[in-house]
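User: Hi! Could you walk me through a structure I have open here? I'd like to chat about charged pairs and helix packing.

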Amino acid sequence: MALERTTNHGIYTICFWTKTNRIFIGPQQAKIVQQIYQRYLVGDSLEGIADFLFQNGILSSQGKERWTRPVLSSLLSNQKYIGYIISFDDFFLAQGEKGKRSNIDEDTGKRKIARYSSQNVLSGLLICAEYGANYRRIT
């Protein structure tokens, strides 16, 4: 089965050809997936990555102009990229980063007090001992 789509500029979106459970992906598509992982691992939010892809005219795998957070999250969790496009280490670093950024505590299943923010390195680090709320900068 093959999936191939192009933009009106002749740039291909992500596509796969499967033959006997092997994945073949074009060099441009591999570069897009690698950029998504790299940007995520250096701290870009899913929305920031979606904005970057939109600004660069890169269509989603569904051929849409805008990438959505769920599509990017799914791409970052997809194990089929391991060894073909993304290293084992980068894949698992991304999974750890997804866990850190999640607003759900894995142990309790409840919302975390602090939330991840890619805007400020210190976001969510200071928590009031009495009330359990985040300290915030007020301007």
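**Charged pairs and a helix contact**

Analyst: Happy to! R39 is partly exposed, at 27% relative accessibility (partly exposed lies between buried, under 20% relative accessible area, and exposed, over 50%, with a 1.4 Å probe and protein chains only). This is a predicted model, where local features need pLDDT of at least 70, side-chain atom pairs count only at pLDDT 80 or more, and totals for chains, interfaces and linings use all residues. Residues are numbered from 1 along each chain as its sequence is written, and side-chain values use heavy atoms, with hydrogens and water left out.

User: Nice. Which side chain does R39 meet in a salt bridge?

Analyst: That's D44, at 2.9 Å from N to O. A salt bridge here is a side-chain nitrogen of Lys or Arg within 4 Å of a carboxyl oxygen of Asp or Glu. D44 is partly exposed too, with a relative accessible area of 22%.

User: How many salt bridges are there in the whole structure?

Analyst: The search finds six. Take E97: its salt bridge with K100 has the closest N and O atoms 3.4 Å apart. Both residues lie in helix α4, residues 88-101, three residues apart, or about one turn of the helix. Helices are DSSP runs of H or I with at least four residues, strands are E runs of at least two, and both are numbered from the N terminus.

User: Are E97 and K100 buried or exposed?

Analyst: E97 is buried at 14% relative accessibility, while K100 is exposed at 59%.

User: And what does R101 pair with?

Analyst: R101 meets E97 in a salt bridge, 3.0 Å from N to O. R101 and E97 sit four residues apart in α4, again about one turn. R101 is buried, with a relative accessible area of 12%. Elsewhere, salt bridges with shared partners link E47, D51, R66 and R69 into one network.

User: Switching topic: how do α1 and α3 cross?

Analyst: The axes of α1 (residues 27-41) and α3 (residues 69-77) come within 11 Å and cross at roughly 95°. Axes are lines fitted to C-alpha atoms, for helices over the stretch in contact, and angles run from 0 to 180 degrees between N-to-C directions. So α1 is roughly perpendicular to α3 (65 to 115 degrees; under 35 is roughly parallel, over 145 roughly antiparallel, the rest oblique).

User: Which residues make the contact?

Analyst: V33, I36, Y37 and Y40 from α1, with L72, L75, L76 and S77 from α3; contact means heavy atoms within 4.5 Å.
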